[in-house]
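Okay, thanks for coming, everyone.

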Amino acid sequence: MSEEIHDPVMGYRITCTREGENLIIDTRAEPGGGPPPHVHPNGEERFSVQEGKVEFLVGRRKVIAEPGDELVVPRGTRHAFKNVGDSDAVFRAELVPEPTGTGQGFFEETAAAAKQGMYTKRGIPTGPRAAMHLLAILERYQDFAVITNPPPVLQRLLFPLARRFG
C-alpha cells in the first residue's frame with residue numbers, strides 16, 4: 001500500500017495498491033470533495049461506497065450512492081464524484097485494468113500541484129505558469145486519465161506549448 005496522498009483543493013485523501021494490472025484506490029472525501037469530470041481511456045472504474053453519501057456523474061446521468069452501493073463506469077465514459085454528505089465519504093475505486101502503472105504518479109503530481117496553489121476546485125489553473133505545468137502533467141498521464149474541460153482535442157493542441165514553455 002502507498003503512503004496517503006492528500007489533495008487539499010479537490011478535498012480527498014487516497015491510498016493506492018495494485019492487484020495485477022488493476023489499481024485499487026481507497027478514498028476518503030471531505031464534504032464537497034471530488035475531482036472534475038474525466039475519463040479513463042484504458043479501463044473501467046468500479047466504485048463501492050463504504051461510508052457517506054456520494055453523487056456520481058456517469059456520462060450525463062447523476063447517481064447518489066450510499067454504503068453498500070456499487071457502481072461501474074465503463075472505459076472511456078466521462079465521470080466524476082462529489083461527497084454530498086455532511087461527513088467524510090469512504091469508498092473504494094478499482095480501475096480494471098490500469099496497465100500503464102501510472103495512476104499513483106498522476107495522483108502524487110496533481111496533489112503536489114494542489115498544495116502549490118496551481119489550480120482551483122474546478123480544476124482551473126491559477127495562472128499561465130500553472131497552466132503550463134498542469135498541461136505537462138496531463139500529457140504525461142494521458143493514458144491513465146483525461147480531464148474533459150478543456151476538451152481533449154484542445155488539450156492535444158496545447159501539449160506542444162506545454163513542452164516548449166513548461
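So let me start with a question: does H38 count as buried or exposed? Keep in mind while you look that this is a predicted model. The answer is buried, because the relative accessibility of H38 is 11%, and the cut-off for buried is under 20%.

Where does H38 sit? You'll find H38 in strand β4, which covers residues 38–39. Its side chain has two polar partners I'd like to show you. One is the backbone oxygen of P36, which the H38 side chain reaches at 3.0 Å. The other is the side chain of H40, in a polar contact at 3.4 Å. Then, if we skip the neighbours within four places in sequence, H38 is in contact with E45, with T77, R78, H79 and A80, and with V146, I147 and T148.

Okay, let's zoom out to the whole chain. We've got three helices and 11 strands here. Among contacts with a separation of 6 or more, 66% are between residues 24 or more positions apart.

What about overall dimensions? The C-alpha trace spans about 45 × 35 × 30 Å along its principal axes. The radius of gyration is 15 Å, and that agrees with a compact globule, because one of 166 residues would come out near 15 Å. As for burial, 46% of the 166 residues count as buried.

The accessible area is about 8700 Å², and carbon and sulfur atoms make up 51% of that. For charges, there are 20 positive and 22 negative side chains, with the centres of the two sets 9 Å apart.

Two more stops. Which residues does a cis peptide bond join? That would be V96 and P97, with omega at about -15 degrees. P97 itself is in the loop between β10 (89–96) and α1 (103–115).

E3 counts as exposed, because its relative accessibility is 71% and the exposed class begins over 50%. Still, E3 touches I14 and T15, leaving out residues up to four places away in sequence. And from E3 to T17 you have 14 residues in sequence and 9.8 Å in space, C-alpha to C-alpha.

That's my tour, so over to you for questions.

Technical notes:
Residues are numbered from 1 along each chain as its sequence is written. This is a predicted model: local features need pLDDT of at least 70, side-chain atom pairs count only at pLDDT 80 or more; totals for chains, interfaces and linings use all residues. Side-chain values use heavy atoms; hydrogens and water are left out. Helices (H or I, at least four residues) and strands (E, at least two) are DSSP runs, numbered from the N terminus. The radius of gyration is taken over C-alpha atoms; the globule rule is 2.2 Å times the number of residues to the power 0.38. Buried means under 20% relative accessible area, exposed over 50%, partly exposed in between (1.4 Å probe, protein chains only). Contact means heavy atoms within 4.5 Å. Accessible areas come from the Shrake-Rupley method with a 1.4 Å probe; for residues, only the protein chains shown count as cover. Lys and Arg count as positive and Asp and Glu as negative; His and the chain ends are not counted. The place of a charge is taken as NZ of Lys, CZ of Arg, CG of Asp or CD of Glu. A polar contact is a pair of N or O atoms within 3.5 Å; within protein, one must be able to donate a hydrogen and the other to accept it, and residues adjacent in sequence count only if both atoms are side-chain atoms.
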